[in-house]
Amino acid sequence: MMLYAQPRKVKSGTYNLLLKKLLPHNVPEITVDSLSKIAAQVTLLDAREIAEYNVSHLQHATFVGYNNFAIDSLKNIDKDAPIVVYCSVGYRSAKITEKLIQNGYTNVQNLYGGIFEWKNENNLLYNKDGETNNVHPYSSSWGIWLKKGKKVYK
């Protein structure tokens, strides 16, 4: 197993410490800053659950879920296409990124800091009605890492 030890930073020092310990760092990672420059050129996969995705997601992201993730749902995506997977903080998406790599996807990265860092850095989120400030924080204990946006638990 290859480890990607290059440090990836988020703005908050305490959030960075949590992520350094929480995430497995065994898949390629991309920072929010880097993704914000290329988001329109990559396939975005949301590895959260449907309630979280319905509250908000990155623009043009495809829901793939976590608990019921099915690799077959991605058969229309070229295995060499650039893909970025995200979740709330990066843990679930790291696991999905790992599955993609194991199944032959060659250009896939995990969003370090997840949708929380995406919003914390003032990037836009969307739902079925368009742009939104709402974010599903997964739970109140994880929601402490979401510093911007409106927390919506539904």
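**View 1. The loop that holds Tyr138, between β8 (134-135) and β9 (150-151)****.** Tyr138 lies in the loop that links β8 (134-135) to β9 (150-151), where helices (H or I, at least four residues) and strands (E, at least two) are DSSP runs numbered from the N terminus. The structure is a predicted model, in which local features need pLDDT of at least 70 and side-chain atom pairs count only at pLDDT 80 or more, while totals for chains, interfaces and linings use all residues. Residues are numbered from 1 along each chain as its sequence is written, and side-chain values use heavy atoms, with hydrogens and water left out. Phi of Tyr138 is near 70°, a positive value in a residue other than glycine. Most residues other than glycine have a negative phi. Tyr138 is partly exposed, because its relative accessible area is 45%; buried means under 20% relative accessible area, exposed means over 50%, and partly exposed lies in between, with a 1.4 Å probe and protein chains only.

**View 2. Asn122, in the loop between α5 (114-120) and β6 (125-127)****.** Here too a residue other than glycine has a positive phi, which for Asn122 is near 65°. Asn122 has a relative accessible area of 55%, so this residue is exposed.

**View 3. The open sheet of five strands****.** The strands are arranged in the order β1-β5-β4-β2-β3, with parallel pairing, and two strands pair if DSSP finds at least two bridges between them. The edge strands are β1 and β3, each of which pairs on one side only. Strand β1 (residues 29-30) is joined to strand β5 (residues 108-111) by two bridges, and the partner of Ile30 in β5 is Leu111. Strand β4 (residues 83-86) runs parallel to β5 and is joined to that strand by three bridges, with Gln109 of β5 as the bridge partner of Val84. Strand β2 (residues 43-46) pairs with β3 in the parallel sense over two bridges, and Asp46 has Phe63 as its bridge partner in β3.

**View 4. Helix α4 (residues 91-102) and its place in a β-α-β unit****.** Together with β4 and β5, α4 makes a right-handed β-α-β unit; a crossover is right-handed if, with the strands pointing away from the viewer, the path from the first strand over the helix to the second runs clockwise. At 1.5 Å a residue, the twelve residues of α4 should span 16 Å, and its end C-alpha atoms are 17 Å apart, which agrees; the expected span is 1.5 Å times one less than the number of residues. In α4, the residues Arg92, Ser93, Ala94, Ile96, Thr97 and Leu100 are buried, and the buried residues of this helix pack against β2, α3, β4 and β5, with contact taken as heavy atoms within 4.5 Å. Just after α4, Gly104 takes a positive phi of about 95°.

**View 5. Phe116 and the largest nonpolar core****.** A nonpolar core is a set of buried Ala, Val, Leu, Ile, Met, Phe, Trp, Tyr and Cys residues joined through side-chain atoms within 4.5 Å. The largest has 24 residues, of which Leu35, Leu58 and Phe116 touch the most other members. The elements that give two or more residues to this core are α1 (13-22), α2 (32-38), β4 and α5, and α5 gives the most, with three residues. Leaving out residues up to four places away in sequence, Phe116 touches Tyr15, Ser88, Val89, Val135, His136, Pro137, Trp142, Trp145 and Leu146.

**View 6. Ser56, in the loop between α3 (50-55) and β3 (62-63)****.** Ser56 is buried, because its relative accessible area is 0%.

**View 7. Leu22, in helix α1****.** Leu22 is partly exposed, because its relative accessible area is 27%. Its contacts, apart from neighbours within four places in sequence, are Val89, Tyr91 and Trp142. The C-alpha atoms of Leu22 and His136 are separated by 20 Å, and these residues are 114 residues apart along the chain.
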